[in-house]
Amino acid sequence: MATETSTSAAAGSGTGNWVESYTGMSTDNIKGLVLALSSSVFIGTSFIVKKKGLRKAGASGVRAGVGGYSYLYEPLWWAGMITMIVGEIANFAAYAFAPAILVTPLGALSVIISAALAHIMLKEKLHIFGMLGCVLCVVGSTTIVLHAPQEREIESVAEVWDLATEPAFLLYATAVLAATFVLIFRCIPKYGQTHIMVYIGVCSLVGSLSVMSVKALGIALKLTFSGMNQLIYPQTWLFTIVVVTCILTQMNYLNKALDTFNTAVVSPIYYTMFTSLTILASVIMFKDWDRQNPTQIVTEMCGFVTILSGTFLLHKTKDMVDGLPPTLPIRIHRHTDENGGYAGEGIPLRSAAEGIPLRSPRAAE
């Protein structure tokens with residue numbers, strides 16, 4: 001009887017430990033999780049609404065992909081922009097409650113939503129392997145979330161500033177800024193219309209810095225609302241300036257990417273690069289991996305590989321249609337236009353989903 005009792009007690013203890021482990025997320029982490037999921041829904045939808053606005057604006061003005069800003073007069077684009085802002089606000093709040101390694105990977109949901117809506121509303125074809133790629137993105141993200149570290153306890157924005165000014169993060173920030181300037185001033189003029197990684201590279205690099213600043217600002221506001229005023233510190237306002245600058249830069253180049261390339265491809269590639277760089281920045285600045293064992297870190301890396309595999313599938317199958325080989329280029333032949341006629345000296349370019357030709361500057365000469 002004693003043995004039975006001890007066995008039952010042990011079983012009950014084991015069940016209790018499992019339940020405790022399963023529900024072990026703090027209240028703040030749960031708030032961050034819910035906010036991050038809501039953010040993904042809004043942002044995934046905004047990609048589609050904004051692209052419909054970009055298409056409508058491009059039909060009557062200069063397209064964003066070639067430097068135009070006619071979309072600013074299009075109400076549909078602004079509806080998408082407002083939807084994205086709501087999502088970003090939810091995302092902003094999520095970073096104040098949970099670590100970046102938990103919040104950022106949940107952006108995979110926005111990939112699924114945007115790809116599905118693009119297939120339905122924009123008639124952009126998504127091959128069966130592309131769907132598998134979406135699933136892999138979610139699986140990889142879930143793996144990372146399940147092994148994410150606990151949030152670091154921070155008492156003031158000055159403490160975040162100390163973390164941001166350590167040599168390791170200063171080196172990372174310098175490298176990011178240097179790479180961004182090279183992409184903007186050297187690569188975009190030459191390859192912006194033909195290489196999707198150029199626009200998305202700028203968005204992702206700048207985005208990794210914006211998330212660190214967003215987290216710092218979110219922590220400052222959370223502490224302020226709890227009674228410890230952080231608005232008196234100049235660091236709070238400096239982080240605010242960085243956030244605004246980075247978000248404006250991301251918005252500009254993300255618009256160009258969406259207007260030039262297939263949404264179902266832009267979303268997952270942007271997600272993967274942005275997530276990878278953001279987690280790297282968080283590991284450097286907040287030292288997230290210092291609070292984890294090697295098994296957790298290796299599992300998180302496996303999650304990254306899974307996400308990258310999903311992105312690869314989406315990228316390789318972006319022009320595939322069931323029963324046809326992937327031979328439909330995103331850049332059409334230089335000697336013919338979209339109707340099969342012969343163009344001038346310009347090199348026609350188009351989004352595979354839109355069929356709207358773009359001309360290089362030489363065509364206008």
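Author: Here is a walk through the salt bridges, the aromatic pairs and the nonpolar core.

A quick word on the ground rules: this is a predicted model, where local features need pLDDT of at least 70, side-chain atom pairs count only at pLDDT 80 or more, and totals for chains, interfaces and linings use all residues. Residues are numbered from 1 along each chain as its sequence is written, and side-chain values use heavy atoms, with hydrogens and water left out.

Let's start with charges. A salt bridge here is a side-chain nitrogen of Lys or Arg within 4 Å of a carboxyl oxygen of Asp or Glu, and the whole structure has 2 of them. One joins Lys287 to Glu166, with 2.4 Å from N to O. Lys287 sits in the loop between helix H11 (263-286) and helix H12 (294-316), while Glu166 is in the loop between helix H7 (157-164) and H8, so this pair ties together parts that are 121 residues apart in sequence. (Helices are DSSP runs of H or I, at least four residues, numbered from the N terminus.) Both ends are partly exposed, Lys287 at 23% relative accessible area and Glu166 at 29%. The scale goes like this: buried is under 20%, exposed is over 50%, and partly exposed is in between, using a 1.4 Å probe and protein chains only.

Pro167 belongs to helix H8 (residues 167-191). With 66% relative accessibility, Pro167 is exposed. Its C-alpha is 9.9 Å from that of Ile284, 117 residues away along the chain.

The other bridge pairs Lys56 with Glu74, and their closest N and O atoms are 3.9 Å apart. Lys56 is in helix H2 (residues 27-58) and Glu74 is in the loop between H2 and helix H3 (75-97), so the pair links parts 18 residues apart in sequence.

Now for the rings. Rings of Phe, Tyr and Trp (its six-membered ring) pair if their centres lie within 6.5 Å; planes under 30 degrees apart are stacked, over 60 edge-to-face, and the rest tilted. That rule gives 6 aromatic pairs. Among them is Trp161 with Phe239, edge-to-face, at 5.8 Å centre to centre and 70° between the planes. Trp161 lies in helix H7 and Phe239 in helix H10 (residues 234-260), so the pair connects parts 78 residues apart in sequence. Trp161 is partly exposed at 27%, and Phe239 is buried at 6%. Then there's Tyr199 with Tyr253: their centres are 6.4 Å apart and their planes at 35°, so the pair is tilted. Tyr199 is in helix H9 and Tyr253 in helix H10, so parts 54 residues apart in sequence are tied together. Both of these tyrosines are buried.

A charge meets a ring, too: Lys215 lies over the face of Phe286, 5.7 Å from the ring centre. For that label, NZ of Lys or CZ of Arg must be within 6 Å of the ring centre and within 35 degrees of the ring normal.

Last, the core. A nonpolar core is a set of buried Ala, Val, Leu, Ile, Met, Phe, Trp, Tyr and Cys residues joined through side-chain atoms within 4.5 Å. The largest one has 77 residues, and those with the most contacts inside it are Val160, Phe169, Met212, Leu254, Val266 and Met285. Helix H9 (residues 196-225) gives this core its largest share, 17 residues. Take Leu254: leaving aside neighbours within four places in sequence, Leu254 is in contact (heavy atoms within 4.5 Å) with Phe47, Met84, Cys203, Val266 and Tyr270.

How values were computed:
Helix = DSSP H or I, 4+ residues; strand = E, 2+ residues; numbered from the N terminus.
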